[in-house]
Amino acid sequence: MSVNTQNIIDEVINSLELINADDIPAIDLYMDQVTTFMEKHLKGSKRYESDKILTKTMINNYAKNNLIPSPEKKRYSKEHVLMLVFIYYFKNIMSINDIKTLLNPISDKYFHQDSGMKLEDIYKEVCTIEKDELVKLKSDLKDKLELSATTFMDCPENEKKFLQLFSMICALSYDVYVKKQLIENIIDAIAEEKNSVSDSKKDNKK
């Protein structure tokens with residue numbers, strides 16, 4: 001088996017360039033312009049060439065499900081695009097309900113704000129964190145690659161390479177599983193606190 005894991009890691013890391021907030025047009029965009037922009041800037045993350053980054057149907061469903069505010073006169077603002085970028089990354093690991101729980105407070109408080117903290121400020125702050133995390137991620141992947149190379153050393157050569165790849169995938173999968181569990185528990189805590197505040201307000205009105 002000739003799978004070069006290091007090359008795959010390098011390709012994935014190099015494709016993880018985040019969209020710079022300053023690259024998003026400040027003017028409102030029509031639907032086709034939004035999908036074209038997202039396709040251009042996120043095409044490196046596609047698994048297959050035929051995959052779609054974002055479609056009109058997806059955007060309409062996000063608006064119907066209150067993941068993003070409705071467009072104004074069929075045009076989408078810079079803030080809409082920022083929300084769509086968050087959704088693009090979240091949807092691979094979160095349910096629609098979890099994304100709503102996480103993004104609705106952001107949208108309610110910071111979408112189209114003229115003063116104070118803006119949605120763009122939040123996006124830029126998060127991107128700064130992600131850049132720092134990328135350095136740690138590279139180191140972690142290198143460690144997992146080196147660790148997997150020490151497994152199944154007693155196996156025949158024609159079996160060892162595949163089993164070592166399997167070992168690395170298991171390590172990566174467990175890492176993803178634990179982090180997904182953590183994300184879901186944090187979101188559940190957010191939802192529980194929100195419901196508790198809502199119930200308290202209802203009780204006060206009685």
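Mentor: One term before we start: helices here are DSSP runs of H or I with at least four residues, numbered from the N terminus. Also keep in mind that this is a predicted model.
Trainee: OK. Where does E79 lie, then?
Mentor: E79 lies in helix α4, which covers residues 78–90.
Trainee: Is E79 buried, exposed or partly exposed?
Mentor: The relative accessible area of E79 is 22%, so it is partly exposed. Buried would need a value under 20%.
Trainee: What does E79 touch, leaving out residues up to four places away in sequence?
Mentor: F111, H112 and L119. There is also a polar contact between the side chains of E79 and S77, at 3.2 Å.
Trainee: And how far is E79 from K124 in space?
Mentor: They are 12 Å apart, C-alpha to C-alpha. In sequence, 45 residues separate E79 and K124.

Trainee: Next one along. Which helix holds H80?
Mentor: H80 is in helix α4.
Trainee: Buried or exposed?
Mentor: H80 counts as buried, because its relative accessibility is 1%.
Trainee: What is it packed against? I mean, which residues does H80 touch beyond four places in sequence?
Mentor: I68, P69, S70, P71 and F111. F111 also turns up among the contacts of E79.

Trainee: Let me zoom out. How many helices and strands does the protein have?
Mentor: It has 7 helices and 2 strands. In sequence order the pattern is α-β-α-α-β-α-α-α-α.
Trainee: Why call it more spread out than a compact globule?
Mentor: Look at the radius of gyration. It is 21 Å, while the globule rule gives 17 Å for 206 residues, so the protein is more spread out than a compact globule.
Trainee: What does the C-alpha trace span along its principal axes?
Mentor: About 70 × 45 × 30 Å.
Trainee: How much of the protein counts as buried?
Mentor: 27% of the 206 residues.
Trainee: What about charges? How many positive and negative ones are there?
Mentor: 30 positive and 34 negative.

Trainee: Who are its contacts, past the four-place neighbours?
Mentor: S148 is in contact with Q164, S167 and M168.

Trainee: Where does N66 lie?
Mentor: In the loop between α3 (56–64) and β2 (75–76). N66 counts as partly exposed, at 47% relative accessibility.
Trainee: Which loop holds K74?
Mentor: K74 is also in the loop between α3 and β2. Its phi is positive too, near 65°. K74 is exposed, because its relative accessible area is 67%.
Trainee: Last stop, S50. Where does it lie?
Mentor: In the loop between α2 (31–42) and α3. S50 has 61% relative accessibility, so it counts as exposed.
Trainee: How far apart are S50 and S196?
Mentor: 45 Å in space, C-alpha to C-alpha. Along the sequence, S50 and S196 are 146 residues apart.
Trainee: Great, thanks.

Note on methods:
Residues are numbered from 1 along each chain as its sequence is written. This is a predicted model: local features need pLDDT of at least 70, side-chain atom pairs count only at pLDDT 80 or more; totals for chains, interfaces and linings use all residues. Side-chain values use heavy atoms; hydrogens and water are left out. The radius of gyration is taken over C-alpha atoms; the globule rule is 2.2 Å times the number of residues to the power 0.38. Buried means under 20% relative accessible area, exposed over 50%, partly exposed in between (1.4 Å probe, protein chains only). Lys and Arg count as positive and Asp and Glu as negative; His and the chain ends are not counted. The place of a charge is taken as NZ of Lys, CZ of Arg, CG of Asp or CD of Glu. Contact means heavy atoms within 4.5 Å. A polar contact is a pair of N or O atoms within 3.5 Å; within protein, one must be able to donate a hydrogen and the other to accept it, and residues adjacent in sequence count only if both atoms are side-chain atoms.
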